[in-house]
Amino acid sequence: MLRIICLLVLAFVVPVSAIAEITTFHETHTYLMGDNDSKNDARRICFLEVKRKILEKAGVYVESRTNVSNYQLIKDDISAYAAAMMTVGIEKEEWKASNDTMSVTLSVKAVVDMDSIRSAFEKINKDDGLRKRIAEQQDQLEALEQRLSNLQKQLEHIDGSRADALRDERDDVFKHIENIRASSVYEFWK
């Protein structure tokens, strides 16, 4: 009889603790191709943008820290973190030609574990070293995304062998962005 009661208690307790809050996001982004973009380049850029949009929707944690001494402001830091554990899949990929321009539109579905976001925010809030590493990664990502944007602008107005060099440089930037995003997921959600 005691075994049956224990099994019934476990049957009711375990599933409740195992239920995670899962949220589904849908997002769309359109990328207009330049003369020096391949279809793969356009798809890659579009996918990075749509994932960024989903990440921003999934979780943003804003923190403000103010240091005051003798009624004077010494330091005022405002930090924002976006975090998510998500599974992303392309629901629809659509190519269009309009005048001289091609575009790709990606519709993406992401399934996000909101509990992991809350857990990550708690870790960030408690660990100054982690907060510093995240800030460094965010700075690196912003610089890389700015570099990617600059390369895209240059590629719009260039032709010939210089375009090949810029595309190679853009591929390197893509790889760096993907590596940073991958490492932040593994580091912060363990």
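Predicted model: local features only at pLDDT ≥ 70, side-chain atom pairs only at ≥ 80, totals over all residues.

Q: Where does D100 lie?
A: D100 lies in the loop between β4 (86-98) and β5 (101-113).

Q: And is D100 buried or exposed?
A: D100 counts as exposed, because its relative accessibility is 79%, and the cut-off for exposed is over 50%.

Q: What about N99, where is that found?
A: N99 is found in the loop between β4 and β5. With 79% relative accessibility, N99 counts as exposed.

Q: What is phi of N99 near?
A: Phi of N99 is near 55°, a positive value in a residue other than glycine. For context, most residues other than glycine have a negative phi.

Q: OK, switching to salt bridges. How many does the structure hold?
A: There are 11 salt bridges in the structure. As background, side chains of opposite charge can pair when their charged atoms come close.

Q: Let's take a few. What does K57 form a salt bridge with?
A: The partner of K57 is E27, and the closest N and O atoms of the two are 2.7 Å apart. This pair links distant parts of the chain, with K57 in helix α2 (residues 39-58) and E27 in strand β1 (residues 22-32), 30 residues apart.

Q: Is E27 buried or exposed?
A: E27 is buried, because its relative accessible area is 15% and the cut-off for buried is under 20%. K57, on the other hand, is partly exposed, with a relative accessible area of 47%.

Q: Good. And what does R170 form a salt bridge with?
A: R170 forms one with D41, where the closest N and O atoms are 2.4 Å apart. That pair also links distant parts of the chain: R170 sits in helix α5 (residues 161-188) and D41 in helix α2, 129 residues apart.

Q: Are R170 and D41 buried or exposed?
A: R170 is buried, and D41 is buried too.

Q: Which residues do salt bridges that share partners join into one network?
A: The network is made of D37, D41 and R170.

Q: α2 keeps coming up. How many residues has α2, and what does it reach from its first C-alpha to its last?
A: α2 has 20 residues and reaches 28 Å, close to the 28 Å expected at 1.5 Å a residue.

Q: Which residues in α2 are buried?
A: In α2 the buried residues are D41, A42, I45, C46, L48, V50, I54 and A58.

Q: Last topic, then: where is Q140 found?
A: Q140 is found in helix α4 (residues 128-156). Q140 is partly exposed, with a relative accessible area of 40%.

Q: And what separation do the C-alpha atoms of Q140 and I177 have?
A: The C-alpha atoms of Q140 and I177 are separated by 8.5 Å, and the two residues are 37 residues apart along the chain.

Technical notes: Residues numbered from 1 in each chain as written. Heavy atoms only, no water. Helix = DSSP H or I, 4+ residues; strand = E, 2+ residues; numbered from the N terminus. Buried < 20%, exposed > 50% of the residue type's maximum accessible area, 1.4 Å probe, protein only. Salt bridge = Lys/Arg side-chain N within 4 Å of Asp/Glu carboxyl O. Expected span 1.5 Å × (residues − 1).
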